[in-house]
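Please read it alongside the sequence and structure shown below.

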Amino acid sequence: MQSTLKPLILALAAVFTIVSAGLATADTIIDNVRGYTLNQEGKLQQFQALAFDDAGKIIGIGKVADLASKLPKAKHVDGGGKTLLPGMIDAHGHVLSLGASQMQLGLRATANLAEAQQAIADYARRFPLNQWIIGGEWNQANWKLGRFPTAQEIDVVIKDRPVWLSRVDGHAGWANSKTLQLAGITETTSDPAGGKIEKDAQGKPTGILVDAAMRLVDKVVPPASNAEQRAALDLALLELAKVGVTSVHDAGVSESADKLFREYADQGKLTTRIYGMVRGTDGFFDKVSQQGPLLTYGRDFYSLRAVKLFADGALGSRGAALMAPYSDAPHTHGLLFKTADEMYAMIEKAASKGYQVNVHAIGDAGNRQILDGFARLPASASASLRHRIEHAQVVAQDDIPRFKQLGILPSMQPTHATSDMNMAEDRVGAERIKGAYAWRSFLKQGSRIACGSDFPIESPNPFWGVHAAVTRQDMAGKPAQGWYANQAMTLEEALRCFTLDAAYAAHQENTLGTLEAGKWADFILIDQDMLNMPAADIYKIKVLQTWVAGKQVYSATK
């Protein structure tokens, strides 16, 4: 991928130009704004001005005259009458993957298989020096194929170089024959535990690998170089600042990523705060956990106090584990990655060392296995650590109350509902769908939902998430009444799940998530009044400025 780096130099330079534009040496008042924030109790507050000190901590919010009288020497910055909100928090994303996706082949916009094949061929011509063609974001449901694509359908456009393309949900991969050859995948290769090698009627691999089977290819893909990792991080930080994300929970931090995040924190180059989850409980976890959870690092810009585990795969690739067969594929229930005892052993290992445990679970069987595992923990190992289920996507209705009973936080991604509504009910049927993407059911029982996007699977733009949460519609306004609109959030609830409750889900509600005295001055200015506009237009909101710790890290005019 190194041949793709040179065109990025000018774009990356903008990151450092923006960062250096921050304020310097005095108390500052941002005035002439339409300000909104929740307070610690979740009540909506309105204000005209925000004051913060040189350390980047909030002094207070309120009327301009009141703040000016208390801070007569403060520097004033005109907010231009725009709307000011707390910085948005994405409770589930993949930082380096977001940047890497901008350097790789993307198939998200392709409407059919022929367009995808053309995009693969065009990319191969543009980057003739790339030994591997890496990318993804394909979705066979959008292509109306009624099946997965095949290796031969890549071979017809490129067969002399390996091609490896992940599905949009990251839980299946599409390989050409060269890739299968390099990975040693043949008719005699068995499915690994927690994975599936799709084969045709003659037993020949088709080129589709699901979940754990993807590792057979991943282990032969050359690792990203240090330069590529840094370029990916720079691109991701720029993108997050542009969309107003001031903090992100990174759902799967490797040893090399941890080293890079600490380095950027040390150098003051992180423009978005990162709450890290160690990926798994082997290898790197054994090493890093000897020091215990990293509660905070670099002025709260980085922490590593959670662990990310996986119960199952994804709904679109039918890897999500269901208790009954798929409604549209009665031959399969999906895949549980571990036995109940194996999963509990990992949960207990992480929790016993003081780490929050955040487990990917999409199907109802996956969610039940994890709830059962959390139920086995001593009560003292659950309440204080705020364990989470990431996605909580299809949950048996009887299991929803267990989240509240066990103190487990649902970490959910609103745009998954509007992206999946073209196939979700086909997968699970009319009865199970009642417990799917069930935000209202969780909120009604008092669960605090941490909202995110799961970027780069979805866009990191939090206003797309707020729009989906409130309307249950796509950007074309479909379906007209909203998809299972009885599960929609109110606008204040959606704001809360992307701010205060996302901060709570990271043990950071005392420093982030609202604009209150003593907290970090992380805030954004946007071009429309989100609290007083048609819900259908929320996704159109543009971020004008992003500020982190009292420093401007992005301006739409620069």
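**Cis peptide bonds and model basis**

Pro479 is found in the loop between helix 17 and helix 18 (491-497), where helices (H or I, at least four residues) and strands (E, at least two) are DSSP runs numbered from the N terminus. The peptide bond that leads from Lys478 to Pro479 is cis, with omega near -10°.

The model is predicted, so local features need pLDDT of at least 70 and side-chain atom pairs count only at pLDDT 80 or more, whereas totals for chains, interfaces and linings use all residues. Residues are numbered from 1 along each chain as its sequence is written, and side-chain values use heavy atoms, with hydrogens and water left out.

- A cis peptide bond also joins Phe455 and Pro456, with omega about 5°.
- Pro456 lies in the loop that runs between strand 22 (450-451) and helix 17 (462-471).

- Lys144, a residue other than glycine, has a positive phi near 55°.
- The loop between strand 10 (133-138) and helix 5 (151-155) holds Lys144.
- Lys144 counts as exposed because its relative accessible area is 70%; the classes are buried under 20%, exposed over 50% and partly exposed in between, with a 1.4 Å probe and protein chains only.
- Tyr437 is likewise not a glycine, and its phi is positive at about 50°.
- Tyr437 is placed in the loop between helix 15 (424-432) and helix 16 (439-444).
- With 3% relative accessibility, Tyr437 is buried.

- His249 belongs to strand 15 (residues 245-253).
- His249 is classed as buried because its relative accessibility is 0%.
- The side chain of His249 reaches the backbone oxygen of Ala91 at 3.4 Å. This falls under the term polar contact, a pair of N or O atoms within 3.5 Å; within protein, one atom must be able to donate a hydrogen and the other to accept it, and residues adjacent in sequence count only if both atoms are side-chain atoms.
- Not counting residues up to four places away in sequence, His249 touches several residues, including Asp90, His92, Tyr275, Met277, Arg388 and Gln508; contact means heavy atoms within 4.5 Å.

- Helix 13 (residues 400-406) contains Arg402.
- Arg402 is buried because its relative accessible area is 18%.
- Leaving aside neighbours within four places in sequence, Arg402 is in contact with Arg368, Leu371, Asp372 and Ala375.
- The side chains of Arg402 and Asp372 make a polar contact at 2.8 Å.
- Arg402 and Arg368 are 34 residues apart in sequence, and their C-alpha atoms are 9.4 Å apart in space.

- Six strands form an open sheet of mixed pairing, in the order 3-2-7-23-24-25; two strands pair if DSSP finds at least two bridges between them.
- Strand 3 (44-47) and strand 25 (551-555) stand at the edges with a single partner strand each, so one side of each is left without a neighbour in the sheet.
- The twist averages 20° from one strand to the next, with axes taken as lines fitted to C-alpha atoms (for helices over the stretch in contact) and angles running from 0 to 180 degrees between N-to-C directions.
- Strand 24 (residues 543-548) pairs with strand 25 in the antiparallel sense over four bridges.
- Val548 has Lys551 as its bridge partner in strand 25.
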